[in-house]
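Keep the 3D view open as you read.

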Amino acid sequence: MADLRPLARAREQKAWYWYDWANSAYVTTVSTVMLGPYLIAIAKNAAVDNRIDVLGLSIAPGALPSYLVTFSTILSAILLPLLGAVADRTANKKGLLAGFAWTGAAFASLLFFCKGENWQIGAIAVIGANLCLGASTVFNDSILPLISTEEERDRVSSRGWAWGYLGGGLLLVVNLVMFLFHDTFGMSEGFSVRLSMLSAAIWWAGFTFIPYLRLRNHEPVHVVAEEGGIISQSFGQLWATLKDMKNYPMALTFLGAYLFFNDGIQTVIASSSIYGAEELGFGTSVLIGTILMVQFVAFAGALVFGKAAEKYGAKQVILVGLVIWMAIVAVALVLPKEQIVPFLAMGFAIGLVLGGTQALARSYFSLLIPRGREGEFFSFYHAMDRGTSWFGTLTFGVVYQLTDSYRPAIFALIAFFVLGGLLLLKVDTARGIREAGNVEPSVI
């Protein structure tokens, strides 16, 4: 009889891509573009002597988004490992993915009601949405090894990232048109922003139905025997995994590499608009156009990197990507002011490697972790990423403060790519796959 498993996997893979498409709307429209400036404006309305009271602390309105993101990030780093242990003990990963996604979208929809001086509802929305986004991502990533063989992993992960950039980019185009031409549509600027953020929440919730309905449940395997209910069992499994992680040194080495180079990537993305506006003198229209270009180039870049990984192996392609990241921050040191072509060229390069390096990092890590414990290991993957995500921004800020220039500040991030690359070179892929008990793909 014909083996129908590849067809079944292909159907689930197509369904799985849609969650990247769904949640990227919130990441691009809300987190990346609109939330920060809007929440600062609302906080300024409520400020007294340019200060607002946050749980007894007096802070400047301009710092509010950073504090909220930092708080939700630290909270995620604490909670995600427990959720990973829960994921490995249940067959209904798609239900938990969807539950956290819909709860996150509900929190995000509260931003529509954030107006006047009511920054508090915006704070609740941001913290809740970011926590739920992180939780849903753990369940989403833990499904990847269940719906793809080791041979398929890079292609599937890369297509998921590509779909995410495409979906987020398409909604962002619509929302930016609505924002830039709000008078034409008979809207105030504030209403257009609130409606844009609401559309991202609806997009996130709506498209999550596709993976929820089309993915199937996969029974857990190799579960650590623990007494009690699922929560106490999960704590027991989490403790067992922490003690057992020393038996997977290649996975741990890669985690160290990922923490460095991903922190560098995230800091470059977070600081690019500041660098473009403050150091190079570009206006909002140029920055918005560049953000859109990066989104769509990243879609193609993720597919190109996935295809290259099939031929040369994920590790080699990630290393090439890190070299390109080093070149990007080096060029940023000497990029001329108010010259749009070099700036767009740098944006194109960022888009090319942005999705590819992150997608392949996810699929490569999945080869180094034991079957049946994907949720836990991916929860550590995301928790450690979030728990150390301030290293890059701290470096950027300190160097700027010492030099009073964003050029050396962004160039200093080259250290994160160098350290990440050096640690990645130490990862023996074949050994890591053997340690995890996985099947070695034809190209590593």
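Helices and strands here are DSSP runs, numbered from the N terminus; a helix has at least four residues, a strand at least two. The model is a predicted one. With that numbering, α4 supplies the largest share of the lining of the second largest pocket: five residues.

Stay with that pocket. The second largest pocket has a volume of about 340 Å³. Its lining consists of V54, L55, L57, I59, Y67, L68, F71, W119, Q120, A123, I124 and I127. Two or more of these residues come from each of β2 (57-59), α2 and α4.

L68 leads on to a helix pair. Two packed helices are described by an angle and a distance between their axes. For α1 (residues 5-46) and α2 (residues 64-88), the axes come within 8 Å and cross at roughly 115°. On the α1 side, the contact uses G36, L39, I40 and A43; on the α2 side, L64, P65 and L68. Six of these residues are nonpolar, one is polar and none is charged.

Now the core. The largest nonpolar core holds 61 residues, and W16, L39, L64, W119, M197 and W204 touch the most other members. Two or more residues come from each of α1, β1 (52-54), α2, α3 (93-109), α4 (119-143), α5 (153-180), α6 (189-214) and α9 (284-312). Which element gives the most? It is α1, with 17 residues. Look at W16. Beyond its neighbours within four places in sequence, W16 contacts N140, I143, L144, I147, V156, S157, G160, L215 and R362. Another core, of 59 residues, lies apart from the largest one; among its members are A257, A332, A349 and F365.

How many cavities reach 30 Å³ or more? There are two. The largest cavity has a volume of about 50 Å³. A91, K93, K94, I143, L146, L215, R216, N217 and H218 line the largest cavity. I143 and L215 in this lining are also contacts of W16. The lining of the largest cavity has four nonpolar, two polar and three charged residues.

The second largest cavity has a volume of about 40 Å³. Around the second largest cavity sit P145, R153, S366, I369, R371, E374 and N438. This lining divides into two nonpolar, two polar and three charged residues.

Definitions and conventions:
Residues are numbered from 1 along each chain as its sequence is written. This is a predicted model: local features need pLDDT of at least 70, side-chain atom pairs count only at pLDDT 80 or more; totals for chains, interfaces and linings use all residues. Side-chain values use heavy atoms; hydrogens and water are left out. Axes are lines fitted to C-alpha atoms, for helices over the stretch in contact, and angles run from 0 to 180 degrees between N-to-C directions. Contact means heavy atoms within 4.5 Å. Ala, Val, Leu, Ile, Met, Phe, Trp, Tyr, Cys and Pro count as nonpolar, Asp, Glu, Lys and Arg as charged, and the others, Gly among them, as polar. On a 1 Å grid over the protein atoms alone, a cavity is a set of points where a 1.4 Å probe fits but cannot get out, and a pocket is an open set with protein on both sides within 12 Å along at least five of seven lines; lining residues have an atom within 4 Å of a point. Grid points are joined across faces, edges and corners, and a volume is the space filled by probe spheres set on the points. A nonpolar core is a set of buried Ala, Val, Leu, Ile, Met, Phe, Trp, Tyr and Cys residues joined through side-chain atoms within 4.5 Å. Buried means under 20% relative accessible area, exposed over 50%, partly exposed in between (1.4 Å probe, protein chains only).
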